[in-house]
Amino acid sequence: PRFLNAFTLVEKWTFEFALFFYCAGVAQITKTSVRGKFWLHGVVIQALTAFGGGILVPVLLNSLAPFPLTNDFALPSILLTWWLTHCCPGDVWNKLVEVPLVHDFVFVVFEICRCKLTLHWLTVAQAVITKPTAFAAPVAGPIICGTLGGSAGVFMPFDKGLAAISSSVPWVMESAFLASTFFFFSTSGILTNWAGSAALQLDKQSAHVAVGMGLVVFRVFPELLATLQPLRMALYKL
């Protein structure tokens, strides 16, 4: 169905559309930290935050070029959204994004695009890391690459070091890990082979939609995450 193709960003131009709003969301997230800095400094910080995973994962896999170098829409999207966020006359863009409906739209599309990037790098890792060890297929490598693909921007630029996880795990990283883990085990066939039940197997599009909807729901309704906070903290203390 076209809706599913659009949601998973395989319909023509849907990824480019989502990429713009993904960059717009990153611009809002980094707005305070780059305010007052030289414009190129701010642009680079925004680009590294947006595409940290797309830079780091290819380096780890020693394959492909980093994402910003392989998509000609990446840099224009970063530049345009940076200008709109920091230079738009009358601060019109920021005032528009502050409207609740517009804000939710921007960050819904942001999460749809982040889901695409997360699962893309997981899939790339599956194609590169092919030799199984403990299981029927490599497990750790693809899940780690998917996690970093959807969250490595929290470590960018590199002078931040590991500050992002010095006292807790940020939701952006936790959600990328959960998304990667769910997608991997629901599509790889490992659970099906282990449990002997085909009911545990999903096709990749259905799993992608399930992951994307989960990310969107927790973005639009952050109070759900707050409700789960005691459980999350308890798990981290184990």
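What follows is a short exchange of questions and answers on these topics.

Author: This is a predicted model, in which local features need pLDDT of at least 70 and side-chain atom pairs count only at pLDDT 80 or more, whereas totals for chains, interfaces and linings use all residues. Residues are numbered from 1 along each chain as its sequence is written, and side-chain values use heavy atoms, with hydrogens and water left out.

Reader: Which helix gives the most to the lining of the largest pocket?

Author: A pocket here is an open set of points on a 1 Å grid over the protein atoms alone, where a 1.4 Å probe fits, with protein on both sides within 12 Å along at least five of seven lines, and lining residues have an atom within 4 Å of a point. The largest pocket is lined by 24 residues, and helices H2 (14–34), H3 (39–61), H7 (100–128) and H9 (171–187) each supply at least two residues of that lining, helices being DSSP runs (H or I, at least four residues) numbered from the N terminus. With five residues, the largest contribution comes from H2.

Reader: Where does the kink in H12 lie?

Author: The 15 residues of helix H12 (residues 222–236) should span 21 Å at 1.5 Å a residue, and the end C-alpha atoms are 20 Å apart, which agrees; the expected span is 1.5 Å times one less than the number of residues. The bend at a residue is the angle between axes fitted to the seven residues ending there and the seven starting there. In H12 a kink of about 45 degrees is found shortly before the proline Pro230, at Leu228.

Reader: Is Phe105 buried or exposed, or partly exposed?

Author: Buried means under 20% relative accessible area, exposed over 50%, and partly exposed in between (1.4 Å probe, protein chains only). Phe21 counts as buried because its relative accessibility is 13%. Phe105 has 38% relative accessibility, and therefore counts as partly exposed.
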